[in-house]
Amino acid sequence: MAPIPAYLNPAAVLVLVSCDLCLVHANRPPSPVNVTVTQLKANSATVSWDVPEGDVIIGYAISQQRQDGQMQRFIREVNTTNRACVLWDLAEDADYIIQVQSVGLYGESQASKRVHFRTLKQSDRLPSNSSNQGDITVEGLDKERQLQTGEIIIIVVVLLMWAAVIALFCKQYDIIKDNDSNNNKEKTKPSSEHSTPERPTGGLLRSKKTPSVNIIEV
């Protein structure tokens with residue numbers, strides 16, 4: 001009986017397949033870490049993650065599934081270094097589960113840990129169930145508005161103080177100017193006002209006449 005060729009030997013084929021699988025697993029990139037969901041809205045959300053350093057990552061893959069099993073979506077993008085992705089067309093007030101994979105030169109990594117999130121209702125204004133503590137909140141907006149109002153009040157007060165100082169300076173300047181004008185007028189008065197008036201030399205004394213006597217001879 002002729003020997004079985006090596007390429008038809010089941011044991012040899014199994015060994016070759018096992019070696020290929022080992023090489024594929026060894027060259028796989030590591031799974032993403034720190035998967036978080038931020039910017040939650042009624043119909044969208046943002047997924048972000050980190051990738052361990054030292055491996056060449058050329059893309060990512062995201063598995064998105066509603067918890068009730070009604071819908072499942074798979075997103076894959078290559079030739080990108082993005083570490084975030086926006087999920088669109090989500091159902092409002094619904095529970096979702098996502099997993100992220102890194103795409104490397106020799107295949108995809110294992111899926112990350114499952115992350116659960118719930119979309120908001122249309123009536124909700126800001127995220128109430130987000131895994132990122134750095135999201136904007138109503139309290140932060142109120143504080144910012146209070147700071148802006150305080151700055152405006154300070155500017156108005158400073159302008160009023162400057163206006164009061166300028167008005168006071170103008171008033172004092174007018175008073176000083178009036179005093180100088182009065183002093184100049186007093187200095188320029190004629191000297192005749194200060195001289196002693198002359199006594200009149202004429203009058204009754206000058207008009208007095210010597211009485212005449214008429215003698216009548218008999």
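User: Before anything else, what do buried, exposed and partly exposed mean here?
Analyst: Buried means under 20% relative accessible area, exposed means over 50%, and partly exposed lies in between (1.4 Å probe, protein chains only). This is a predicted model, where local features need pLDDT of at least 70, side-chain atom pairs count only at pLDDT 80 or more, and totals for chains, interfaces and linings use all residues. Residues are numbered from 1 along each chain as its sequence is written, and side-chain values use heavy atoms, with hydrogens and water left out.

User: Is Asp95 buried or partly exposed?
Analyst: Asp95 counts as partly exposed, because its relative accessibility is 22%.

User: And which residue does Asp95 form a salt bridge with?
Analyst: Its partner is Arg118, with the closest N and O atoms 2.5 Å apart. A salt bridge here is a side-chain nitrogen of Lys or Arg within 4 Å of a carboxyl oxygen of Asp or Glu.

User: Which residues make up the network around Arg118?
Analyst: Asp93, Asp95 and Arg118 are joined by salt bridges that share partners. Asp93 meets Arg118 at 2.9 Å, N to O.

User: Changing topic, how many salt bridges are there in total?
Analyst: The structure holds 4. One of them pairs Glu108 with Arg76 at 2.7 Å between the closest N and O atoms. Glu108 lies in strand 7 and Arg76 in strand 4, so this pair ties together parts 32 residues apart in sequence.

Key:
Helices (H or I, at least four residues) and strands (E, at least two) are DSSP runs, numbered from the N terminus.
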